[in-house]
Amino acid sequence: MTPKRSARNRRLASVVLVAAVPVLLGVTGVAASASPVPAASPQAAAPNAAFTKTETLTRTNLVNGVNQVVDSNTVSVSVNQTQDLRNRQVIDVSWTGAHPTGGIVPQDTGPFGGEQEYPVVLMMCRGSASATSGKNLITPETCWTETSPERIQQDPGTFLGFPPYRLDEHASAADRAQNVGLPNPVPANCKPFTVVAAQHWVPFIAANGTVYPYGPGTPPCGSAPPEATNSESTEQPSNTTYGVTGTNGDGSSRFDITTAETNASLGCSDTVACSLVVIPIMGISCDPAGSGLPPGNPADLLPTSMTPPTPSDLCESTGHFKAGAPDLSPSQNGNPGFGALQDSLAVQGYLWWSASNWRNRIQVPLTFAQPSNICSLESTSAPLQIFGSYYLLGATQQWAPHFCLNKKLFALTHVIQPEPEAQSEVEQRSIDAAFEAEPPSSAFTSPIVQAPTAVSGFAIVFDIVTADGQQLTSLHLDARLLAKLLTESYPEDTDTQADPADRNRTTGQMNPLDIAFDPEFQALNPGIPTSIATQALASSATLLVQSAGSSAMWALTSYINADPEARAWLNGQPDPWGMVVNVNYKGIQLPVSQWPLLDTYVPKAFYTASPCFSTVQNPPPWLNQVASPIDSLSTLSLDMQFDVSDSVVSCSGGTVPAPVPFGPESPGATFILGLTSLSDADEFGLPVASLESQGGSTLDTQFTTGAGRTFVAPTDASLRSAVAMMQPDTGAGSWDLPYSALRTGAAGKEAYPGTLLISTDVPTTGLKKSVAQDYGEFLSFAAGPGQRAGNGNGEVPAGYLPMTAANGAGKLADYTKVAAADVTAQNGKVPTPGQGLPGPATSHSPGTSSGSGGSSASQPSSSASGGTSGSPAPSTSAPVTTSPGQAAPKLVPTALVRSAIAGDLLPLVLLVALVIATIGFAFWQLRRPTVPK
Amino acid sequence: MTAHDVREPVGSDAAGSLPVATRLARRWRSVQWRKERPVSTARPERLPLSPARAVILAATVTASVLGLWFVLYGLALSGLQEGHAQHLLSAQLRQEIAEETAPSGGKIALGKPVARISAVAIGLNAVVVEGTASAQLSSGPGHLPSTPLPGQAGNSQIYGRSAMYGAPFGRVHALVPGVMIKVTTEQGVFGYRVIDVRGPGNPVPSAAQFGKSSLTFVTSAGSGWRSGWAPNYVIYADATLASGKVVSTPSGRPNAIPAADKPLATDTDQLVLLPYFVLAAVLLCAGLAWAATRWTMRQLWIVGVPAAVAVLWIATNSAMLLMPNLA
């Protein structure tokens, strides 16, 4: 067995390779750095940054009472979003003019990132950016880090008791003492570790006032907040970030917001102020003469005669590494080796709390949206449940509080369910309403409206590291490449390349291993190294999709099906380089809502050599293991955020190894693609691929560039173009995106092919009156006030195009308004899309339309529902923006929930039984004639 | 008396040529004679019943016995069912906690034991299962799947029945603020202090009162003559974490629940099985009626009673699951 066969070995190899990439960079880095490097993130120069601040930061040394300037930088920080943040939301932070980072490690989050020299530290701190005193003051004690080395410094003697932080010119005398910040009493577990030459502890103070001393060691010997456990699991790294500044002084990072929902100890919420603290590490400003040291303690006086390097030399050090150089032997997990590099500590990220660095901080005020569970806390009434599409979740998360916080309205719950399932359940009437984004598989047999509710789209998200170690920000994909990924046509591994299904029958040529090796992919996306894909393994040969049926898969396969190039390839025509479709998928009928896994090849020799697959009964086809669709889309988005490959290709440890998902990919060696929603891509900062709208040909000519092909990224403009093309389907009663017109029509060139129109299916007959009114209310809201872009309650977040006349979606909103009236009235009517609907000018009187013209009864109710839904709308912004902080505790009475069955059935049965028994007894006793004596 | 003298009157009627009803009536008659034979004739002797009357009488007896059985099962016998389930769940939970395989997050299979709760003050000591539909609550208190597990940050809701199936939450209304509830899960032992018991109209505690981790018992109650056996509205008891550290909440909890999991909801899914049990009961009756004409009384009782009780038990259990989940 070659080492490559064992997945564990392969991962190890990939780690080595990751380390090797910076080595190469380090060698060629000096030359390369002169040339302009494309910005790591397109948001770096975002003109619409929510926060920008510029400050001049200086490092000085106090020599003979005179401050000598060592280094001075003018640093600008900009943040793309600071308002109404939600838990797990990702914001982009970028900066210019900072000191270039050295000693770069692969993972820039805590605890390892702190070891870097001159990082830009990003952390969440509880407190208000404007507070100068009081309990809202931001101090290092209220800043969140997860691990001990980020808060605890100890000098075992390497610095002779005078590590740089004790020589800090800006620190108070008390802060320069030998032992600072130790809890009293010292936790019993920590006592053995506190006998050192000098130490400085920064405890963490939780939102409820609890003080966590941390303490040295992994895990810390003292207590740490319960949330500070994530750093040990590989799934979700800490959000404390030690951002890398390039040699040109610029840098950017994506920062993961955590609110009280997942980090109660830090406790950030709409009522507890928090800030993002940005500390560009400049190094310690030194006062080697010790003029600030506490007097009267001979042991604390700096020794005068020593052999170099003296503590003052080490304090004044400008670092161990060159700018941009990697740290080739970073500290191992949990063992950061304090002082291992004596000349490094003074400029390391670990000393973010020392006065010289702390005074350089830039505080970015943040505000938070109401927590997503606000409705479950606030509402006591039974919620109105709408089932279906995950692709509307971003919107319903912000719509739900609008409904539940308004006492005149109702609680709204969005139950995630695969759209085709929800759709058929509405028709069977086992649920009342469903969100979907595809026409029903067969037209509804009962009157059910499909009311357009939101415009969004699917996103092919990716995380691909380029040759220079940066994250790729733009990717071009055409329909044929997507078809190749879905149809298991990449054999993934040299050991499984023998799969006869993935082989050109005429030439005998084998298909490329994965997408990075595909000449077509290389032509459209030049410069992506195949080595990264090889390290990332399975995830570069497949597209991570949802296992259940979904409207997004229906839309994606509709798009592929309408592309002549992709369709011809699916039908068996090799691509210009001879790659063929996996024969099991040849001629597949599209579109489909649920992608089938059809490959059958079981690599016997490969499995026999594997420690885990060899023990599996009936081993599964390898490429189906590679594809491994995932059941929940929220998990899929999380996986994409943290580069977790779901392909079941690794072996677990233990005595009986079992096949397990590959898991997190190594930082610096990620190559993963997935299908999720535009709103998740925006919320979690996942880059989205541009899809080919037009161009390409079925001719058998090889190409080396994407010239002649148009690629469209999901933007408001491209979604608008797609909406403009939407056609009414009078038969199915829906609005559809005409995929073939998209490929050929002039308007289709600018339209994003992944656009989804999410509709609400509600019956217009058979609903209870009160329930029908609520649904009508919801639809009226979705057709009007709900379509405002923003992060507040009752608005739609990024990733949704507001469905308004200004965006060319007036026809859709008008249809929904009419549908809302019909739902409220329960008149059994379904308005015909595109027919007899009032134009935007007359949309205030839906009753005049022929679609619902006969329903005179619905007119008053529709205007009434329009009125009630309209009235809270202007006031939505008011309670939302003012409620944080000043929402007086209000008494919510417990709602009455009763059940006649529960209360009356048993007594009734008992009563009836007794009555019948009495009748029977009477009958028995009274009506029998006696025998005459 | 031997089997023979019972058999005689039946054997004399030309073996099965008569309609069943008539034969049953004769059987009835013969029983009456047999019973009254040793008794003195102080009371006037009654004439045998006509077949039609015998059928009516049998129907009223059956209907009232069935009704009383239904009530008896709901209030008393279903407790045996729950007790048995709790016994098994308790062993399973102990083993899983010991092995650290008990669920602590993600999507937990319905009916899996997740925690043990005990409140000495109201004699509560039960294993909590995942899910709050009627079926799960028939084996003990159930944890609402859309809420965190006890001990985790947030409000954890546990539903329990107050009248049927052992009524594990039958005395929740008697909780008073300050009483401690002990909860044991995979993640540790937690002590919750009761802050209130509230019915319709009583104020919901504020977020501050709930604290970082809280527990809400949801059950039903009835007032006046209903209390204890015919509850018709929902009451809640809230408790806040008083001892033990808040543990982390693993991701992947469902964010919504099916309708059958809501308070006092009925689970019509159970309706599917009911016809089969009713069919079984009908077949059993037919079989017994047939046997009655051929077997001796003693044979009939020995075979018939256990079979009837078994079918009746299963069918009643299935029908009971159609009752609202908190009753």
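Helices here are DSSP runs of H or I, at least four residues, and strands are runs of E, at least two, numbered from the N terminus. On that count, chain B has 7 helices and 9 strands.

Some ground rules. This is a predicted model: local features need pLDDT of at least 70, side-chain atom pairs count only at pLDDT 80 or more, and totals for chains, interfaces and linings use all residues. Residues are numbered from 1 along each chain as its sequence is written, with chains lettered from A and ligands numbered from 1 in the order in which they are written.

Stay with chain B. It has 327 residues, and 40% of them count as buried (20 or more other C-beta atoms within 10 Å of a residue's own, C-beta atoms being placed from the backbone). Now contacts, meaning C-beta atoms, placed from the backbone, within 7 Å. Take those in chain B between residues at least 6 apart in sequence: 68% join residues at least 24 apart.

Next, the interface. Chain A puts in 44 residues and chain B puts in 51. On the chain B side, three elements supply at least two residues each: helix H3 (51-99), strand S7 (203-204) and strand S9 (233-243). H3(B) gives the most, 11 residues. By class, that side has 30 nonpolar residues, 14 polar and 7 charged. Nonpolar covers Ala, Val, Leu, Ile, Met, Phe, Trp, Tyr, Cys and Pro; charged is Asp, Glu, Lys and Arg; the others, Gly among them, are polar.

Strand S29 of chain A, residues 892-893, pairs antiparallel with S7(B) over 2 bridges; pairing takes at least two DSSP bridges. Val892(A) stands opposite Val204(B).

On to the cores. A nonpolar core is a set of buried Ala, Val, Leu, Ile, Met, Phe, Trp, Tyr and Cys residues joined through C-beta atoms within 7 Å. The largest has 138 residues, and Leu412(A) and Leu779(A) are among those with the most contacts inside it. Strand S17 of chain A, residues 448-464, brings the largest share, 11 residues. Beyond its neighbours within four places in sequence, Leu412(A) contacts residues including Trp399(A), Phe403(A) and Phe778(A). Another core lies apart, with 134 residues, among them Leu85(A), Tyr350(A), Ala135(B) and Ile158(B).

Last, helix H18 of chain A, residues 769-783. How buried is H18(A)? 12 of its 15 residues are buried, so H18(A) is largely enclosed by the rest of the structure. Phe778(A) and Leu779(A) are among those buried residues.

Technical notes. Two residues are in contact if their C-beta atoms, placed from the backbone, lie within 7 Å.
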